[in-house]
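The model below is a predicted one.

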Amino acid sequence: MNRIVVTGAAGRMGSQIVSAVLDARDLKMGGATERKGHPSFGKDIGELIGRGKVGVLLTDRLEAVLPGASAMIDFTTPEGTIEHLGPAAENKVPAVIGTTGFSKDQLEEIRRTSEKIPIVLAPNMSVGVNVLLKVLAVAAKALGDNYDVEIVEMHHRLKKDAPSGTAIRLAQVVAEALGRDLEKAARYERHGVMEERAAQEIGIQTLRGGDVVGDHMVIFAGPGERLEFIHRAHSRGNFARGAILAARWLFGRPPGLYDMQDVLGLKQ
């Protein structure tokens, strides 16, 4: 049976992933880790998330639980993920990364590590969001420059990175389809007296509040009509299920950097 190691296992997302592993008949928990100094070290991860004892104790010693693991699933912080990739590469353990907010240097480090182990890196593991990414590329090419593009995202009040990694990826897909440089086209805020909206602009707006899991809207506003694509995440469970799907897909894959479009067979 394939063993899965979950980092950040006691957190909001980590606990969902642990539950998804426990629910899978073909998988078992191979390790559960948290940041150093976490107050629940030594406790059974199953009991911590309300599932009863599973025989896996929470630890900060990732290197001790990785040997023999089939995959590591990491939804932590950019710094934490980079730190975890070292032991994963040393032990030849594939990695599923759902962390967002990476710097360019950190993304380059992930790319270099993918030369040693297979990695699925995606800002959103939801099947629905990844279908949306595919649809957006088609829509943007068909609508072209006659339609203004605006992206709005909303998340819970505790989310640290803004815009969300998903919103940025949505914008990247649209920009690529329209042949635009996102660094030049992106407009992240508007206030005061402004000039007329630039034709090549891609607006990306961020909302934060309450306990919203994740809402994303992409608007194509053209002459006489408006087309809107909306995805709303009702729970973190869909992200966890996507991560499990990605982990299964990685078993036996060669080193390389993959995304959920690869996992779902959406790439042409």
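Helix 6, residues 127-143, lies across strand 10 and strand 11. Relative to strand 11, the helix runs at about 165°.

The five strands form an open sheet in the order 8-9-7-10-11, and the pairing is mixed. Strand 8 (186-187) and strand 11 (225-233) are the edges; each has a single partner strand, so one side of each is left without a neighbour in the sheet. Strand 7 (residues 148-155) and strand 10 (residues 214-222) are antiparallel and share seven bridges. Val149 has Phe220 of strand 10 as its bridge partner.

Another open sheet has seven strands in the order 3-2-1-4-5-6-12, with parallel pairing. Its edges are strand 3 (58-59) and strand 12 (256-258); each of these has a single partner strand, so one side of each lacks a neighbour in the sheet.

Strand 1 (residues 2-7) runs parallel to strand 4 (residues 71-74), and four bridges join them. Ile4 has Ala71 in strand 4 as its bridge partner. Helix 4 (residues 78-90) packs on this sheet and touches strand 1, strand 4, strand 5 (95-97) and strand 6 (118-121). The direction of helix 4 makes about 175° with that of strand 4.

## Salt bridges

How many salt bridges does the count come to? The count is 23 salt bridges. One of them joins the side chains of Arg51 and Asp23, at 2.8 Å from N to O. Arg51 is in the loop between helix 2 (45-48) and strand 3, while Asp23 is in helix 1 (residues 12-23), so this pair ties together parts that are 28 residues apart in sequence. Arg51 has a relative accessible area of 37% and is therefore partly exposed. Asp23, at 53% relative accessibility, counts as exposed.

Asp60 and Lys36 form a salt bridge too, with their closest N and O atoms 3.8 Å apart. This pair links distant parts of the chain, 24 residues apart: Asp60 is in the loop between strand 3 and helix 3 (62-65), and Lys36 is in the loop between strand 2 (27-33) and helix 2. Asp60 is partly exposed at 28% relative accessibility, whereas Lys36 is exposed, with a relative accessible area of 62%. A further salt bridge, at 3.7 Å from N to O, is formed by the side chains of Glu176 and Arg169. Here Glu176 counts as exposed at 56% relative accessibility, and Arg169 as partly exposed at 25%. Salt bridges also link Asp148, Glu150, Arg187, Arg190, Arg197 and Glu201 in a network.

## Ser126

Is Ser126 buried or exposed? Its relative accessible area is 2%, so Ser126 is buried. Ser126 lies in the loop between strand 6 and helix 6.

The side chain of Ser126 has polar contacts to two backbone nitrogens, those of Gly128 and Val129. A polar atom of the Ser126 side chain lies 3.2 Å from the backbone nitrogen of Gly128, and the distance to the backbone nitrogen of Val129 is 3.2 Å. With residues up to four places away in sequence left out, Ser126 touches His231, Asn238 and Phe239.

Conventions
Residues numbered from 1 in each chain as written. Predicted model: local features only at pLDDT ≥ 70, side-chain atom pairs only at ≥ 80, totals over all residues. Heavy atoms only, no water. Pairing = 2+ DSSP bridges. Helix = DSSP H or I, 4+ residues; strand = E, 2+ residues; numbered from the N terminus. Contact = heavy atoms within 4.5 Å. Axes fitted to C-alpha atoms, helices over the stretch in contact; angles between N-to-C directions. Salt bridge = Lys/Arg side-chain N within 4 Å of Asp/Glu carboxyl O. Buried < 20%, exposed > 50% of the residue type's maximum accessible area, 1.4 Å probe, protein only. Polar contact = N/O pair within 3.5 Å; in protein donor to acceptor, adjacent residues only side chain to side chain.
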